[in-house]
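Please open the model in your viewer and keep the selection tool at hand. We shall go from stop to stop, and at each one you will be told what to select and what to look for there.

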Amino acid sequence: MTETSTRPRVLSGMQPSGESLHLGNYLGALVNWVKSQDDYEALFFIPDMHAITVPQDPAELRERTRKTAAQYIAGGIDVHKSTLFVQSHVPEHAQLAWVLNCITGFGEASRMTQFKDKTAKGGAESASVGLFTYPMLMAADILLYRPHGVPVGDDQRQHVELSRDLAKRFNHRFGETFVIPEAFIPAEGARIYDLQNPTSKMSKSASGPGGLINLMDDPKITAKRIKSAVTDAETVIAHDRESKPGVTNLLEILSTLTGKPVDVLVAEYDGKMYGHLKVDVADAVVSRLEPIRARTLELLADPAELDRLLAHGAAKARAIAAGTLADVYDKVGFLPPLGPVD
């Protein structure tokens, strides 16, 4: 038995929804993924099929998918330790999603909060069926690999719960098939907030770019945005999410990057001004992100090699996915596939 087969398995991914991952993606997800590689059999993917639930430019989607993969690698995902692949390269995702669609209640799917959030402005009539059913595709993404854990942010907890419910339902109806996955939600670094609106999570959909730190930004832009971060009218550096969200966000970013506990940082800044904190955060962020940016550009300069790495990862993923799907198809009563016809 190989080493990887004896370790518990984890799986996670981030959509290729922009030109760059942002600091929240990096500190909230990628850093924890990298840490997991030695203790788990880790699979990481780029969910490009989820991206087309809303209109996309095809050329841009291809470019963003490669950029996301490159940033995974540059950020520390080791393709020799982990399996890195693109969702659409593994057709079993869509095949399992259909089976899961057929055991999901319409009302159950209607209660998924992200669909309601995304249709709040335009209304359900403007949404695609794909947007409505993407939680079942996400469940398929997870259950296909029978992972023990799914590293996600707190905002994705509901999707993991749906995956658990569907796994239990399928196992009850058709016999033990799926592992019931757990959501792995880190206690620290799980949520980085917008620099200009520190009560909202850092997001590509923010109202303005000033609150967003992208991994691929020029270091001068990164430093300028941090030094322009919203704080408050006081001068005391303290950790208080309710009354000092801006300062708290900066402290948590610095704590995550340096490994120093927040209370230690607060003591170190006793008697200092907000400007001192902002400069130190800017220096720490630029120091961490600049090597990632440089390595990403290096990987993107050789797209053939990047595609080769992704093809290798897809082959490894399909070796797992095909076995799960064959088991599911047999249990729901599909005929086994015929061999080549003479």
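Begin by selecting helix H11, which has 14 residues and reaches 20 Å from its first C-alpha to its last, close to the 20 Å expected at 1.5 Å a residue. Bear in mind throughout that this is a predicted model.

With 14 residues at 1.5 Å a residue, H2 should span 20 Å, and its end C-alpha atoms are 19 Å apart, which agrees. Look along the helix and stop at Leu30, where H2 bends by about 35°. Is H2 mostly covered or mostly open? It is mostly covered, since 11 of its 14 residues are buried, including Leu23, Tyr26, Leu30 and Trp33. To see what covers them, display strand E1 (9-13), strand E2 (41-46), helix H4 (58-74), strand E4 (149-151), helix H11 (245-258) and helix H13 (274-300), against which the buried residues of H2 pack.

Now turn to the aromatic rings, of which the structure holds 9 pairs. Select Trp33 and Phe44, which form a stacked pair with 4.8 Å from centre to centre and 15° between the planes. Trp33 lies in helix H2 and Phe44 in strand E2, so the pair ties together parts that are 11 residues apart in sequence. Both Trp33 and Phe44 are buried.

For another pair, select Tyr40 and Phe184, whose rings are tilted, with 5.9 Å from centre to centre and 55° between the planes. This pair links distant parts of the chain, with Tyr40 in the loop between H2 and E2 and Phe184 in strand E5 (residues 182-184), 144 residues apart. Why does Tyr40 count as partly exposed? Its relative accessibility is 23%, and buried would mean under 20%. Phe184, at 29% relative accessibility, also counts as partly exposed.

A ring may also have a charge over it: select Tyr193 and Arg241, and you will find the charged end of Arg241 over the ring of Tyr193, 4.0 Å from its centre.

The last stop is the interior. In soluble globular proteins, nonpolar side chains tend to be buried together. The largest nonpolar core here has 53 residues, and those with the most contacts inside it are Leu23, Tyr26, Tyr72, Ile253, Leu277 and Val285. H13 gives the most to this core, with 9 residues. Select Leu277 and display its neighbours: leaving aside residues up to four places away in sequence, Leu277 touches Ile237, Val247, Leu250, Leu251, Leu254 and Tyr269. Finally, select Val90, Met112, Val150 and Ala167, which are included in a second, separate core of 40 residues.

Notes: Residues numbered from 1 in each chain as written. Predicted model: local features only at pLDDT ≥ 70, side-chain atom pairs only at ≥ 80, totals over all residues. Heavy atoms only, no water. Helix = DSSP H or I, 4+ residues; strand = E, 2+ residues; numbered from the N terminus. Expected span 1.5 Å × (residues − 1). Bend = angle between axes of the 7 residues up to and from the residue. Buried < 20%, exposed > 50% of the residue type's maximum accessible area, 1.4 Å probe, protein only. Contact = heavy atoms within 4.5 Å. Phe/Tyr/Trp six-rings, centres within 6.5 Å; stacked < 30°, edge-to-face > 60°. Lys NZ or Arg CZ within 6 Å of the ring centre and 35° of its normal. Core = buried A, V, L, I, M, F, W, Y, C linked by side-chain atoms within 4.5 Å.
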